[in-house]
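Good morning, colleagues. Please look at the sequence and the structure on the screen, and I shall then go through the side-chain contacts.

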Amino acid sequence: MNYLNVENIAKSYGELTLFKDISFSVHKDQKIAFVAKNGTGKTSILNIISGEDTPDAGNVTYRKDITVSFLSQDPKFDNNLTVEQTIFASDNDILKVIEAYEKALENPEDTEAYQKAFEQMELHQAWDFETLYKQILFKLKLENLDQKVSTLSGGQKKRLALANALINKPDLLILDEPTNHLDLEMIEWLEAFFAKENITLFMVTHDRYFLERVCNEIIELDEGEMHSYKGNYSYYLEKREARIERTEVETGKAKQLFKKELEWMRRQPKARTTKSKSRIDDFQDIKHRAHQRRNDHQVQLELNMERLGSKILEFHKVSKAYKDKVILDKFDYNFQKSERIGIIGKNGTGKTTFLNILTQSDQPDSGKVIIGDTVKFGYYTQKGITVKPDQKVIDVIREFGDYIPLKKGRQISAQQLLERFLFSRKKQYDFVEKLSGGERKRLYLCTVLIQNPNFLILDEPTNDLDIVTLNVLESFLLDFPGCVIVVSHDRYFMDKIVDHLFIFKGEGVIEDFPGNYTDYRVYEDSQPVVSATTENKKDKSSWKQNEASKLSFNEEKELKNIESKLNSLAYDKKEMEAKFNNPDLTQDEINELSLKLQAIIDDIEAKEERWFELSSKLEE
């Protein structure tokens with residue numbers, strides 16, 4: 001069943017053509033992700049199909065009998081309403097029944113009104129729906145139903161808009177970056193929600209794990225053309241690479257043919273037969289194909305950063321609280337060279353406050369933060385770049401100089417630097433205020449990195465960045481020789497970049513976990529559920545203190561890492577063994593699976609041997 005048809009739409013702003021002749025459709029039960037580079041018109045296309053904007057050409061048509069909800073990046077609300085009133089203000093008939101029932105509860109003396117409201121609840125089977133909408137608000141941390149919209153933060157408003165969209169249970173849900181402003185727990189809940197609910201989705205998102213687990217089709221706008229991939233993110237990556245390789249081969253063949261046809265054209269045949277005229281017409285098409293060039297640049301920036309000394313950054317019994325809310329409680333930690341730490345935790349547990357104390361833009365209530373003499377911070381905050389009136393992209397970089405110093409006495413111009421950050425020469429002379437949200441984030445990232453920091457702090461760096469830019473940033477960070485701290489809800493990004501995690505549990509509790517986010521989830525899933533007040537927790541705490549006193553810092557870290565990896569390997573072994581249950585396996589496939597299973601078993605045995613070796617030191 002066809003829900004939405006987009007036919008040959010186009011959009012331009014002055015001389016800038018964002019896109020033209022774009023066509024696609026959305027059918028019932030599809031969960032489609034729309035992928036494109038920043039600045040190529042993703043948000044404009046969403047605005048057009050939601051009716052917030054109109055195309056210069058083409059048509060957008062919906063099936064008549066369906067309901068559609070749209071989650072924008074900048075939702076609009078009546079600030080005078082409460083959270084609950086905002087939910088009830090929608091056109092959902094069942095919500096109006098629930099609203100009438102809740103008003104009747106407030107006036108129990110009016111028995112006639114209460115009876116009528118109760119009967120309507122029964123008639124519309126609204127009891128389950130009431131439970132659902134309150135569960136959604138609870139999961140999105142919007143429990144205070146009487147809170148005024150005017151007092152909500154930007155992130156809370158985005159979550160309220162998401163809640164509104166989900167509660168209305170539309171046939172088609174259109175989402176613009178749904179995971180922005182959600183913590184990891186919320187994102188995982190949303191994944192599970194979409195997995196069980198029968199909602200057709202069309203979304204823009206950069207969250208690659210979300211793409212992997214939710215979407216069953218990806219459409220990509222690349223170099224002005226639409227490409228469709230009937231699968232999840234892994235399938236998309238594989239097929240996209242194959243498509244690009246195929247295009248490069250075809251372009252190579254076109255170049256050879258172009259040379260041949262160019263020689264024929266230069267001979268200027270006098271006899272213009274029908275065949276020769278057709279060949280002349282084809283020449284223009286061959287020329288176009290031969291001169292196709294992809295704009296897939298890579299950021300290559302050899303920073304002229306100062307080497308870190310022996311003392312980098314030390315926290316000595318640092319405490320911080322706001323009234324009764326404890327953020328840090330006598331926190332101790334010494335940062336080592338080349339450490340890559342990920343920070344995760346629910347919203348409001350103090351992650352940003354911790355970073356502000358670390359960079360000394362905020363002060364602790366007690367304790368000391370000691371920063372080494374050679375440390376130079378590069379702090380990428382959520383606030384982003386400050387846009388000055390009539391400032392051009394090139395002017396932002398020239399504030400740091402016309403030339404940027406690199407290693408070995410070399411330098412590059414501001415223009416060359418911007419090109420390495422995927423800004424073309426033409427784009428460099430655009431006004432900053434005209435850039436898309438993702439392009440502004442990329443420019444801001446550029447200004448942070450060109451100051452040659454040796455200690456990078458990235459607070460939600462992946463928000464609004466396209467997948468191409470994310471891959472570029474990841475490649476850069478993997479080669480970065482200094483320290484890196486990342487606060488991010490992007491699990492794919494965290495898994496690729498960090499070595500261990502600071503998990504902010506709230507009330508000043510920060511757990512140091514030796515592994516990436518996926519390791520942590522496997523570890524958490526393998527743990528029995530125990531009460532926080534049980535003696536087991538006390539025993540575990542004292543055991544850790546005893547362990548730390550008998551092992552060196554690196555050995556303690558290695559032991560924790562081995563324990564995490566063993567849990568992960570046990571999970572891998574179980575998954576691999578399950579694959580043998582497939583009766584259709586060929587002998588070659590069985591042999592291949594056997595080799596993979598044996599490699600996992602060998603890895604487990606090696607790690608267990610090392611674990612016993614380190615554990616024996618605890619008993620000495």
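Which residue lies over the face of Y209? The residue is R213, and its distance from the ring centre is 4.7 Å. Please bear in mind that this is a predicted model. There is another arrangement of this kind to point out: R442 lies over the face of F423, at 4.8 Å from the ring centre.

Let me turn to the salt bridges. The structure holds 32 of them. I shall begin with D207 and R491, whose closest N and O atoms are 3.3 Å apart. This pair links distant parts of the chain, with D207 in the loop between β7 (200-204) and α8 (208-214) and R491 in helix α16 (residues 491-497), a separation of 284 residues. D207 is buried, and R491 is buried as well.

K496 pairs with E474, and the closest N and O atoms are 3.1 Å apart. Because K496 lies in helix α16 and E474 in helix α15 (residues 467-479), the pair ties together parts that are 22 residues apart in sequence. As for accessibility, E474 is buried, with a relative accessible area of 0%, whereas K496 is partly exposed at 37%. Salt bridges that share partners also join E191, D207, R213 and R491 into one network. R213 in that network is the residue that I described over the face of Y209.

A further salt bridge is formed by the side chains of K11 and D56, at 3.9 Å from N to O. K11 lies in strand β1 (residues 2-13) and D56 in the loop between α1 (42-50) and β4 (57-62), so this contact ties together parts that are 45 residues apart in sequence. Is K11 buried or exposed? K11 counts as buried, because its relative accessibility of 8% falls under the 20% cut-off. D56, by contrast, is partly exposed, with a relative accessible area of 48%.

I now come to the aromatic rings. A search of the whole structure finds 31 aromatic pairs. The rings of Y333 and F502 have centres 5.0 Å apart and planes at 85°, so this pair is edge-to-face. Y333 belongs to strand β11 (residues 325-335) and F502 to strand β19 (residues 500-506), so the contact ties together parts that are 169 residues apart in sequence. Both Y333 and F502 are buried. Another edge-to-face pair is that of F513 and Y520, at 5.3 Å centre to centre and with 70° between the planes. F513 counts as buried at 3% relative accessibility, and Y520 counts as buried at 7%.

Ring pairs also build a cluster, which links F315, F331, Y333, F335, F354, F377, F455, F502 and F504.

I close with the backbone. Which value does phi of K169 take? The angle is near 45°, a positive value in a residue other than glycine. K169 is placed in the loop between α6 (154-167) and β6 (172-176), and its relative accessibility of 39% makes K169 partly exposed. Q360 likewise has a positive phi, near 65°, and is a residue other than glycine. Q360 is found in the loop between α11 (351-358) and β13 (366-371). With a relative accessible area of 44%, Q360 is partly exposed.

Thank you for your attention.

Notes
Residues numbered from 1 in each chain as written. Predicted model: local features only at pLDDT ≥ 70, side-chain atom pairs only at ≥ 80, totals over all residues. Heavy atoms only, no water. Helix = DSSP H or I, 4+ residues; strand = E, 2+ residues; numbered from the N terminus. Buried < 20%, exposed > 50% of the residue type's maximum accessible area, 1.4 Å probe, protein only. Salt bridge = Lys/Arg side-chain N within 4 Å of Asp/Glu carboxyl O. Phe/Tyr/Trp six-rings, centres within 6.5 Å; stacked < 30°, edge-to-face > 60°. Lys NZ or Arg CZ within 6 Å of the ring centre and 35° of its normal.
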